[in-house]
Amino acid sequence: MPIIKSAKKALRQSKKRRVRNLARLNAYRTAVKNFKKLAASGKKDEAKKYLPKVYKALDKAAKSGVIKPNKAARLKSNSSRLLQKTA
């Protein structure tokens with residue numbers, strides 16, 4: 001445990017950030033997973049409606065630094081390609 005006052009504050013900040021980062025991480029992962037399930041089951045209309053939610057979750061994760069911007073772009077591209085393949 002930290003002894004110095006600034007180290008105590010840094011620990012508090014770190015804990016808050018960890019919770020926030022994990023929430024963003026789980027949000028984008030579940031969004032991508034749900035989208036893939038919809039696309040795999042052949043529900044193209046529902047998947048098409050769900051795609052903006054995937055984009056939003058990925059953009060928020062990239063903006064807050066949970067994932068890198070290129071990874072977000074790659075996942076968005078793969079999602080749209082997957083939607084095009086399902087017919």
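Which residues in α1 meet which residues in α2? Select Arg24, Ala27, Tyr28, Thr30, Ala31, Val32, Asn34, Phe35, Leu38 and Ala39 in α1. Contact here means heavy atoms within 4.5 Å. By class, this contact has 14 nonpolar, 2 polar and 3 charged residues.

**Before you go on**

This is a predicted model, where local features need pLDDT of at least 70, side-chain atom pairs count only at pLDDT 80 or more, and totals for chains, interfaces and linings use all residues. Residues are numbered from 1 along each chain as its sequence is written, and side-chain values use heavy atoms, with hydrogens and water left out. Helices are DSSP runs (H or I, at least four residues), numbered from the N terminus. For the classes, Ala, Val, Leu, Ile, Met, Phe, Trp, Tyr, Cys and Pro count as nonpolar, Asp, Glu, Lys and Arg as charged, and the others, Gly among them, as polar.

**Stop 1: α1 against α2**

Keep both helices on screen. α1 and α2 pack at an angle of about 160 degrees, with their axes 9 Å apart. That makes α1 roughly antiparallel to α2. Axes are lines fitted to C-alpha atoms, for helices over the stretch in contact, and angles run from 0 to 180 degrees between N-to-C directions. Angles under 35 degrees count as roughly parallel and those over 145 as roughly antiparallel. The crossing of α1 and α2 is left-handed; that is, the near helix is turned anticlockwise from the far one by less than a right angle.

**Stop 2: α2 against α3**

Now show α3. α2 and α3 pack at about 175 degrees, with axes 9 Å apart. The pair is therefore roughly antiparallel.

**Stop 3: α1 against α3**

The angle between α1 and α3 is about 15 degrees, and their axes are 10 Å apart. These two helices are therefore roughly parallel to each other. Select Tyr28, Phe35, Lys36 and Ala39 in α1; they meet Lys71, Leu75, Ser79, Leu82 and Leu83 in α3. This contact has 6 nonpolar, 1 polar and 2 charged residues.

**Stop 4: the core**

Bring everything back. The largest nonpolar core has 18 residues. Such a core is a set of buried Ala, Val, Leu, Ile, Met, Phe, Trp, Tyr and Cys residues joined through side-chain atoms within 4.5 Å. Buried means under 20% relative accessible area, exposed over 50% and partly exposed in between (1.4 Å probe, protein chains only). Pick Tyr28, Phe35, Tyr50, Val54, Leu58 and Ile67, which have the most contacts inside the core. α1 (5-40), α2 (44-63) and α3 (69-85) each supply at least two core residues. α2 gives the most, with 8. Zoom in on Tyr28. Leaving aside neighbours within four places in sequence, Tyr28 is in contact with Ala57, Leu58, Ala61, Ile67, Lys71 and Leu75.

**Stop 5**

Select threonine 86, in the segment after α3. Is threonine 86 buried or exposed? Threonine 86 is buried, at 12% relative accessible area. Not counting residues up to four places away in sequence, threonine 86 touches Ala39 and Lys44.

Next, aspartate 45 in helix α2. Aspartate 45 is exposed, at 60% relative accessibility. Finish with lysine 37 in helix α1. Lysine 37 is exposed too, with a relative accessible area of 54%.

Terms used: Parallel < 35°, antiparallel > 145°, perpendicular 65-115°, else oblique.
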